[in-house]
Amino acid sequence: MNQPQIVILNSNLATPRDESRRAWLRHAGMLAGAFALAGTASSEAQTPATGTTGAATTPDAPAATPAPMTDREYLSVVEDKSTNPNHPEITIPRASKTARPGDVDILNFALGLEYLEADFYARIVQAHQNRAYLSPRVYQIAQKLAADEASHVEAILDILGRAAATPVAKPQFVFPENVFLGQLAFLDLASTLEVTGTGAYLGAAPKVQSNDALKFAASVYGIEARHTAIIRMLNGQTFSPLASEIPLSVEEVTRRVTPFIVV
Amino acid sequence: MSHPIETDFPTDSDFLLSRRAVLAAGALTALALSLPALPARAAEINYSDTKALRFLQELTRLQSDFSLRAALSSPAAALPTRETDALNLIARQDNEVMRWFAAARGKYGVSAFAGPSTLNQASSRPLPQSRFNAGTFTNREQIFARALEIKGLTVGAIHGAVGAAKDPQLVQALAAIGGVQGRHLAMLSELAGQPAFVAFETPLSMREVAGKLAPYGFNTEVIG
């Protein structure tokens, strides 16, 4: 059995990210303890994320220094929750720098799943805008889901940034064409992805070491469960078949999402 | 007092009330397969876990009572089938959850009583179990308003307990239940024409939840 590798915890946030699919699957392998990477993945390096803390730097040429903002412009930015992550009304849970190495792996695994969901819903919204195929209510929900999943991605990147941990690179995803053409196909796949995400968080919950990471994961997990209920309801299914959620192992989660990750 | 489940427990009240009391051998009632496995009995009972379980048992008891009353109320009978089915399903699952917490508390040795009352740790005086006492329901809006309020507090309380629990198995068990409670909340919100979800759940403290549910009959003495 391969020894699990600990993600390097250092403050060098300028280190290039690992290649996308292999990096995410490696994190899955760390969690599982023994996972054989299948196939070969490209080794294209990707630019590191800047994160919401803005502490990282990119190897790209620095942007030109912007002109100083007027007081009115500054206030508009501060008061705009979409541009100011520190807006007092935003209550995104923030973990302290206490994420343990194991927690980093778990958060990176979750990040991969959130990347998947965020990309999925964003594409669905775009597809509907190109050719309306969803009912108004379903489209409205898809938009909300896209926004929420993007928030989850940002929040995990923020936590990893605060812990000076390297976030896994965003993989490239591929989805069946019919989800962009038919509402039922979209809802079916959405239901699968949400149940998988919910089960993944629940399966990982006992393994989370730091309290802050656990609280954050729980806050995201709870919403994933709500997503599942609404999607099932829209799909004509029972919104809550059981009295408790079902945890999924890393292996099961990986099996379910691997088909959507581009090699 | 006879216990519906355990019959060979010690009668020493100090032993029963001790947080580190070790359960005598006894089988707990098997629960529905849909519920998570009970957390393994810890060698040393963690006070936070114990207190949380005691609190959540009372909370889910109140919620279950409310859900049942709401589902059986006169206004509920006149609701569209979709809404009636949702309320019935929620009531059924809330009842399962209530019974799970009753058994879980017994597993942790805080109190073997899965029956009608809990014990005040200081005085051994039996505490009345929480019953929803906010009167009857007169219309659909009142049903959903109360349902959303109680369910929202339950979801917040469970997520708060998830963040505080020490036993990893209990973390998962509480989270598993909290997830479905969130599904209930999403569905109730949808039916009430309100946003079904936000970006992140908000955990709530036991004290905050107890205070807000006190007007509905929640026994705040369970949190000490």
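Is His227(A) buried or exposed? I looked this up first in the predicted model, in which local features need pLDDT of at least 70, side-chain atom pairs count only at pLDDT 80 or more, and totals for chains, interfaces and linings use all residues. Residues are numbered from 1 along each chain as its sequence is written, chains are lettered from A and ligands numbered from 1 in the order written, and side-chain values use heavy atoms, without hydrogens and water.

**His227(A).** I found His227(A) buried, because its relative accessibility is 0% (buried is under 20% relative accessible area, exposed over 50%, partly exposed in between; 1.4 Å probe, protein chains only). I placed His227(A) in helix α6 (residues 211–234) of chain A (helices are DSSP runs of H or I, at least four residues, numbered from the N terminus). Leaving aside neighbours within four places in sequence, I listed its contacts (heavy atoms within 4.5 Å), among them His152(A), Glu194(A) and Phe197(B).

**Aromatic pairs.** I noted ten aromatic pairs over all chains (rings of Phe, Tyr and Trp, the last by its six-membered ring, with centres within 6.5 Å; planes under 30 degrees apart are stacked, over 60 edge-to-face, the rest tilted). The rings of Phe216(A) and Phe200(B) have centres 6.3 Å apart and planes at 45°, so I recorded this pair as tilted. The pair crosses between chains, from helix α6 of chain A to the loop between α6 (168–191) and α7 (206–213) of chain B. I checked burial as well: Phe216(A) is buried at 1% relative accessible area, and Phe200(B) is buried at 10%.

Definitions and conventions. Helices (H or I, at least four residues) and strands (E, at least two) are DSSP runs, numbered from the N terminus.
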